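Dear colleague,

Please find the structure below, handed over for your work.

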Amino acid sequence: RLLASWRGTRPVDREHAPAVMESVIERVLMPEFRLVRPLRVQLQSEAEQFRRLTRRQAEVYNGFLQANRRALIQGYAGTGKTFLALRRAAELGRSGKRTLFLCFNRILAEHLADELAEVPNVEAFTFHGLADAWASRAPGWTFPDEPDQTFWDHGAAELLLAAIEAANIRYDAVLVDEAQDFRESWWVPIEAMLAPEAHLYVFYDPGQNVYSTDLDALIDLPTTVPLRANCRSTRRIHRFAARVAGSEDAVSAEHVGEGKAVELFAFDEREEQIPILEKTLRTLKQEHGLSSSEIVLLSPRNYHRSLLAECDYRIAGYTVEPYALDAPPEDALYYESVYGFKGMEAPAVVLFDVLRDHVASSDAALYVGCSRAQSLLYVVHEEGWPHARS
């Protein structure tokens, strides 16, 4: 009809013709449209990038480990320490060397055992789990049913040393992850279990020293390998976690994507967190379609003392269960303390119960919590928390 008017075959409404032509141009000839990549697709793309960067970094640094029988590997969260350690442990095991992989965190030890299940000659334990497993080899020793702090700190090391000496236990290679959490006395049995010319690789993160261990007491090793590139989380999450740890200049994040901004929510009263958590979880699950296995709830408190215990472990219509390696059902979500989740990671982390000037909310502990996130990080904090600045 518009063209007919311009051809002169229809009366021309000269007053409205320009507006009609503009409408035709905008709606027919040059319509505007937007392509929005779903959040789940974005997360999958970022996850593949993280895997690629981690493999590449491991390939580079694995050569250093092959050239050095004993080394200290230093790196902040997300620099690929555990992946590099897994790769080296698998190589040593397949070459016929009896290999032990030690760590501090129980969940991480279970994950390592799963990853190495098909590799010959390799065992994975926490330090205390190894002491428990070997308790029967130490005459006159037993692993207590309810250990006190003195046993956790020193008694387990004495039990382990007794078992090593009684059974003449020796390993051709020992790898220690989370070494910043190992007490000074623990290195005595670790050294005792090394066979002549054994490999020893010690991995540690100075930013995750949540137990205030004296890092200078780490075992003396001839070679130090620094890991300098973040390859696990987006640039925005990395910058935020580094700011919490006070390590902004320690690690490069130039090869990862910018990602979504860290979302911060403030509260005055503790119970005000519940509606914030409900809205956040509904957005992730129902609006963005994330699976329950992609989300982890974290706080500085353990499961039975968490804020969620006051809600009978239900929030936003979901049951909240203690974290496990198996994927949760879609009507449930996993929860873990920041201490229990050390060494692990998740695409989306919701960190809450972050209190101002509280011993449980130390910068070291919250750095652990923040650095677990790969693509999405939500922090629910008490008003006045110093790291909440934009």
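**Salt bridges**

The structure holds 20 salt bridges, each defined as a side-chain nitrogen of Lys or Arg within 4 Å of a carboxyl oxygen of Asp or Glu. This is a predicted model, in which local features need pLDDT of at least 70 and side-chain atom pairs count only at pLDDT 80 or more, while totals for chains, interfaces and linings use all residues. Residues are numbered from 1 along each chain as its sequence is written, and side-chain values use heavy atoms, with hydrogens and water left out.

One of the salt bridges joins Glu 258 to Arg 236, with the closest N and O atoms 3.8 Å apart. This pair links distant parts of the chain, 22 residues apart: Glu 258 is in the loop between α9 (235-245) and β7 (263-267), and Arg 236 is in helix α9. Helices (H or I, at least four residues) and strands (E, at least two) are DSSP runs, numbered from the N terminus. Glu 258 and Arg 236 also belong to a network of salt bridges with Arg 235 and Arg 239.

Glu 310 forms a salt bridge with Arg 270, and their closest N and O atoms are 3.1 Å apart. Because Glu 310 lies in the loop between β8 (295-299) and β9 (314-315) and Arg 270 in the loop between β7 and α10 (273-287), the pair ties together parts that are 40 residues apart in sequence. Glu 310 is exposed, at 58% relative accessible area, whereas Arg 270 is partly exposed, at 22%. Here buried means under 20% relative accessible area, exposed over 50%, and partly exposed in between (1.4 Å probe, protein chains only).

Thr 126, in strand β3 (residues 122-126), is buried at 12% relative accessibility. Its contacts (heavy atoms within 4.5 Å) include Leu 102, Phe 104 and Ala 109, not counting residues up to four places away in sequence. Asn 62 lies in helix α3 (residues 39-67) and is buried, with a relative accessible area of 2%. With the same exclusion of residues up to four places away in sequence, Asn 62 touches Leu 84, Arg 87, Arg 88 and Glu 91.

**Aromatic residues**

A search of the whole structure finds 17 aromatic pairs. Rings of Phe, Tyr and Trp (its six-membered ring) pair if their centres lie within 6.5 Å; planes under 30 degrees apart count as stacked, over 60 as edge-to-face and the rest as tilted. The pair of Phe 143 and Trp 152 is edge-to-face because the ring centres are 6.1 Å apart and the planes stand at 65°.
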